[in-house]
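These are my notebook entries on one protein chain. I set down what I looked up, entry by entry.

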Amino acid sequence: MLDSIKIKLQYLLPKQGMTRLAGWGADKRAATLTHWVIKAFARFYNVDMKEAQNPDLKSYATFNEFFVRPLRDGARPVVSGLDMLCLPADGAVSQLGAITDGKLFQAKGHFYSLEALLAGNYLLAEQFKDGQFATIYLAPRDYHRVHMPCDGVLREMIYVPGDLFSVNPLTAANVPNLFARNERVICVFDTEFGPMVQILVGATIVGSIETVWAGCVTPPREGIIKRWTYPAAGEEGAIALEKGQEMGRFKLGSTVINLFAAKQIRFMPNLSNGTVTRMGEPFAEALREAAPATTDAQAPATATATATEVPVATETPAGVATAEPQVPKDY
């Protein structure tokens, strides 16, 4: 009965207004009141301040400063090895597995469309056909900076406006198409083992989503899809991030979704629904296919190359954002 009431409130409450108010309050310097709120929050959620670079609760001037606190050096060792990917965030695995028939498993019999998650970008969705996905939920007590699971060069960033439903396990189990309807920032990277997407999903009371290269992406919430493209690897201005490097952060908790292309990675066998995650620990192993061996006798004397045409989405110049009206969809 209580769970049913909580879900109904998710539909009825003014989530946008609540989020704006929370964001405004979290950035205010209210001295004693701010310190009291931080102390109460840390106690209620059992936040481990021993891991923080600055463990003194009274030293944080705003709630947001406390919430996005950096960790002390060495608190999250990053797994070594060229073929090892690291977990991008502290939290817990919500779901992970195969993208089947263009759908991702959400929870409790709910699936949602890969194309809808990627804001209708069918060309991008095609790159992850039959691939793998992982969804990690960040609870309020967790460290809220998000890091790279592998080396990557940023190809594009897409801001998608949407709802601000809570993304906790109860809501995920009861609100259809949750992650395809909530506000989100889609970051597309080129890696040594194919394309990789890291999506920062917004939620109720998430004051803002930021990336290290663009700063605050949302707010403002203008109700339009925005897209930024970036230079390729080796070009001037290319944004290359290393495994374990910070790429973004949430000001209040949310969810990270990773997408990987088919036959490119294998998740660690210990990861499953509910597994607690710590940034830097083993996430997946890259699958590299060895090139077939040839002998001189087998090698052709001459080689010819043929080219096939594939559809390519029109791109905008580097550093330029495009925007398009959001068309309401009934998923």
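**Entry 1: The whole chain**

I began with the secondary structure, which comes to 8 helices and 19 strands; helices (H or I, at least four residues) and strands (E, at least two) are DSSP runs, numbered from the N terminus. I note that this is a predicted model, in which local features need pLDDT of at least 70 and side-chain atom pairs count only at pLDDT 80 or more, while totals for chains, interfaces and linings use all residues. Residues are numbered from 1 along each chain as its sequence is written, and side-chain values use heavy atoms, with hydrogens and water left out.

I then looked up burial: 47% of the 331 residues count as buried, where buried means under 20% relative accessible area, exposed over 50%, and partly exposed in between (1.4 Å probe, protein chains only). Among the contacts in the chain with a separation of 6 or more, 77% are made by residues 24 or more positions apart; contact means heavy atoms within 4.5 Å.

**Entry 2: Strand E15**

How many residues of strand E15 are buried? I found that 6 of the 6 residues in E15 (residues 255-260) are. In a regular strand the side chains alternate between the two faces of the sheet. In E15, Thr 255, Ile 257 and Leu 259 point one way, Val 256, Asn 258 and Phe 260 point the other way, and all are buried.

I next looked up the partners of E15. Strand E5 (residues 132-137) pairs with E15 in the antiparallel sense over 6 bridges; two strands pair if DSSP finds at least two bridges between them. Strand E9 (residues 194-201) also pairs with E15 in the antiparallel sense, over 6 bridges. Leu 259 of E15 is the bridge partner of Phe 133 and of Val 197.

**Entry 3: An open sheet**

I traced an open sheet of 3 strands in the order E1-E18-E16, with antiparallel pairing. Strand E1 (84-86) and strand E16 (265-267) each have a single partner strand and stand at the edges, so one side of each lacks a neighbour in the sheet. E1 pairs with E18 (residues 282-286) over 3 bridges, and Cys 86 has Pro 282 in E18 as its bridge partner.

**Entry 4: Nonpolar cores**

A nonpolar core is a set of buried Ala, Val, Leu, Ile, Met, Phe, Trp, Tyr and Cys residues joined through side-chain atoms within 4.5 Å. The largest has 40 residues, of which Leu 85, Phe 189, Trp 213 and Met 247 touch the most other members. A second, separate core of 33 residues includes Ala 116, Leu 124, Ala 203 and Ile 225.
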